[in-house]
Protein chains: 4
Amino acid sequence: MASYAVAADQLKSIIERIERLEEEKRAIGDDIKDVYTEAKGNGFDTKALREIVRMRRQDPNERQEAETVLEVYMQALGMLPLFGAAEKAA
Amino acid sequence: MASYAVAADQLKSIIERIERLEEEKRAIGDDIKDVYTEAKGNGFDTKALREIVRMRRQDPNERQEAETVLEVYMQALGMLPLFGAAEKAA
Amino acid sequence: MASYAVAADQLKSIIERIERLEEEKRAIGDDIKDVYTEAKGNGFDTKALREIVRMRRQDPNERQEAETVLEVYMQALGMLPLFGAAEKAA
Amino acid sequence: MASYAVAADQLKSIIERIERLEEEKRAIGDDIKDVYTEAKGNGFDTKALREIVRMRRQDPNERQEAETVLEVYMQALGMLPLFGAAEKAA
DNA sequence: CACTGGAAAATGCCGC
DNA sequence: GCGGCATTTTCCAGTG
C-alpha cells in the first residue's frame, strides 16, 4: 500500500517538474516573440528574419543538397531557377 | 416556442453541413497525402515536391521581393548569398 | 536520356495532381466558410459553432483513450475523472 | 552610409538574441524530454503523462469559455453540457 | 489596415 | 526505416 503512495508522490513530482519546465519554455517563447515584435517596430521584415534564423540553424551541406534537388525539379518543370546552377560549381 | 424549435433545426442543419464538408475536405487531404507517398515510392523527394508546390502557389512578384529582402539581410550579416544578385538584374 | 523525360513527365503529373486536389480542398474550405457566414447572418455565434464542431470531432478520440492508464494517474493526482469507470463499462 | 552599418549591427544583435533564446528553449525542451525518459524508466506510461499535462494545461481555457453561448447550442443539439450552469455561478 | 488569436500545414521525433 | 504523433511554424480570418 505504501508503494502506491510512493508512486503517487513520484507521479506528482514528475508532473510538476514538467509543468515547471514547460512554463519556462513558454516564457522564453514569449521573449522570442518580443524580439521579433521589437524588430518589426524598427522596420525589419520579420518573415525574412525568421528565414535567416532558419537558414543559419541548418547544416550548410544539407541546405546545399536540398537546393540542388529543388533545382533539378524546377528544371524538369520548366520553371527557371532563380539563380544559375553553374556558378555554384565554381 | 416554435421559434426555438426552428432555431434548433437550423442549428442542426448548419452543424451537419459543416461536418459533411469537413469530411470531404479531410478525404481530399488524405488523397494528397497518398500522392506524396506514391511519389516517394517512385524515388521523389517529398520535401522538395512540397516546396515546388508552395512556390508555384505564390505570386512571382512577392516571391521576388521576399528574396530581395532576404539577400540584403544576408549581405549585412556577412552570409554570402548562395547566388549572386548581379545575374538577376540581367 | 529518355529516362529523364519520363521522370519529368512523372514529376509534372505528380505536381498537377497535387495542385488539382489542393484546389478542390480549397474550394471546400470556401464552402465551409460560406456556411459560417450564412449562419452568422442568421444570428448564430460562429465562434460557438466552431467550438461545437470541434467538440463533436474530438469525442471519438476521447473514447479511444479510455483504455489508457489515465484514470489511475488522475486518481493519484487527486484529479477527479470526468466520468465514472462504471458508466464506461455500460 | 553609417546608417547601413547601424542597421547591420542592429540586425546582428537581433539575430543573435533570437539564437540565444532559441538555444535556451531547445535546452529546456531537452530537459523535458529527459524527465519523460526517466519517468518511463520508472515504469510510467509517457503517453498518459502527456495527456495529464495537456489536460491540466487546458483546464483554464475551459473556464474562460464559460461565457459562451455554447451551452445553449449544446442543449439544442441534445448534447448534455459537461457541467451544470448552476455550479458555474458558484 | 495592422494585429491578435486560432486553424492548417509542415517539420521533427518517437515507437514499432 | 517507416508511419504516426506531437510540436512548431505559417497562414488567415476576425477585430480594433
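Trainee: Which element gives the most to the surface near DNA strand F?
Mentor: H2(A) gives the most, with three residues; near means that a heavy atom of the residue lies within 4 Å, and helices are DSSP runs (H or I, at least four residues) numbered from the N terminus. This is a predicted model, in which local features need pLDDT of at least 70 and side-chain atom pairs pLDDT 80 or more, while totals for chains, interfaces and linings use all residues. Residues are numbered from 1 along each chain as written, chains are lettered from A and ligands numbered from 1 in written order, and side-chain values use heavy atoms, without hydrogens and water.

Trainee: How far is Lys25(A) from a phosphate oxygen of DNA strand F?
Mentor: A polar side-chain atom of Lys25(A) lies 2.5 Å from one. For Lys33(C), the distance from a polar side-chain atom to a phosphate oxygen is 2.8 Å.

Trainee: Changing topic, how many residues of chain A are in contact with chain D?
Mentor: There are 27 from chain A, in contact with 27 of chain D, where contact means heavy atoms within 4.5 Å.

Trainee: And how many salt bridges are there between chain A and chain D?
Mentor: The count is six, a salt bridge being a side-chain nitrogen of Lys or Arg within 4 Å of a carboxyl oxygen of Asp or Glu. Glu19(D) and Arg56(A) form a salt bridge through their side chains, at 2.7 Å from N to O.

Methods. A polar contact is a pair of N or O atoms within 3.5 Å; within protein, one must be able to donate a hydrogen and the other to accept it, and residues adjacent in sequence count only if both atoms are side-chain atoms. Helices (H or I, at least four residues) and strands (E, at least two) are DSSP runs, numbered from the N terminus.
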